[in-house]
Amino acid sequence: GQLDLDRIAAVRETHEFSLVIDLTQSLGVVGVDVQRIQPDFLICATYKWLLGPYSLCFVYVNPRHHAGIPLEQGWINRPGAENFSRLIDYVDEINLDATRFDMGERSNFQLMPIAIAGLEQIHRWGLSEIEASLRHYTQMLRRELEVIGFSACDEALRSPHYLGVRHTDGLPEDILGQLAEEKIFLSKRGDSLRISPHLYNNEADALSLIRALKGCLSG
């Protein structure tokens, strides 16, 4: 489901707490207005909807925390670190911006180009187009799945790019293995199937999924 970030942010006016948002499961499909929400910290791993690699994570740090104490006391998050010819001129100060929180070895010449390519592709597609396309796809899947006994949460509560469904008669124990034999790969969470399509999926894929699920349930 989706959290109402506007409502959560508004509560800070009467309650003292820091708003830390992990957008790994949504950024790249659903946008967040940082200026409006004003989170304290916003983090996102790149390997999911940002189409990037493992081992990288982006972080937004609200300016009011730019004087905070970073976890890593490295050389690269200090003034002058970009000047490799003067690295011997060590300083105690740490950058007074979000780069003070950078991890060591942020200059990752293998992974950063992959992350940048993913971001550029998302920018070319456009967040609104990605969200609308995936919402249409999951809505269509939901209607078809309901015909064969599956149910999902209310549309208003559901994220556009995820579809979690349960079956009235439960799921076969080996359903993931049966689907994998048909080259269909889903996740199972408890008694629910998690379906998370992207723009590479089409109507033929949806029909293959429905047909395969019918076979699993009838077997």
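How many aromatic pairs does the structure hold? I counted four. I took rings of Phe, Tyr and Trp (its six-membered ring) as paired if their centres lie within 6.5 Å, with planes under 30 degrees apart called stacked, over 60 edge-to-face and the rest tilted.

Before going on, I noted the ground rules. This is a predicted model, in which local features need pLDDT of at least 70 and side-chain atom pairs count only at pLDDT 80 or more, while totals for chains, interfaces and linings use all residues. Residues are numbered from 1 along each chain as its sequence is written, and side-chain values use heavy atoms, with hydrogens and water left out.

**Entry: two of the ring pairs**

I looked up Phe 41 and Phe 101, and this pair is edge-to-face, with 6.4 Å centre to centre and 90° between the planes. Phe 41 sits in strand 2 (residues 41-45) and Phe 101 in the loop between strand 3 (57-61) and helix 3 (111-125), so the pair ties together parts 60 residues apart in sequence. My helices (H or I, at least four residues) and strands (E, at least two) are DSSP runs, numbered from the N terminus. For burial I used relative accessible area: buried is under 20%, exposed is over 50%, and partly exposed is in between (1.4 Å probe, protein chains only). Phe 41 is partly exposed at 24%, and Phe 101 is partly exposed at 22%.

Next came Trp 49 and Tyr 162, also listed as edge-to-face, at 5.5 Å centre to centre and 80° between the planes. Trp 49 lies in the loop between strand 2 and strand 3, and Tyr 162 in the loop between strand 4 (150-152) and strand 5 (163-167), so this pair ties together parts 113 residues apart in sequence. Trp 49 is buried at 6% relative accessibility, and Tyr 162 is buried at 15%.

**Entry: the cores**

Which residues touch the most other members of the largest nonpolar core? I found Leu 141, Leu 145, Phe 150, Leu 179, Leu 193, Ile 195 and Leu 213, out of 21 residues. Such a core is a set of buried Ala, Val, Leu, Ile, Met, Phe, Trp, Tyr and Cys residues joined through side-chain atoms within 4.5 Å. Helix 4 (127-147), strand 5, helix 5 (175-181), strand 7 (192-195) and helix 6 (203-218) each give two or more residues to this core. Helix 6 gives the most, with six residues.

I then followed Leu 145: leaving aside neighbours within four places in sequence, Leu 145 is in contact with Phe 150, Leu 163, Val 165, Ile 195, Ile 210 and Leu 213. Contact here means heavy atoms within 4.5 Å.

I traced an open sheet of four strands, in the order 4-5-7-6, with antiparallel pairing. Two strands pair if DSSP finds at least two bridges between them. Strand 4 and strand 6 (187-189) are the edge strands, each pairing on one side only. Strand 5 and strand 7 pair in the antiparallel sense over three bridges, and Val 165 has Leu 193 in strand 7 as its bridge partner. Helix 4 packs on the sheet, touching strand 4, strand 5 and strand 7, and its direction makes about 5° with that of strand 5. For that angle, axes are lines fitted to C-alpha atoms, for helices over the stretch in contact, and angles run from 0 to 180 degrees between N-to-C directions.
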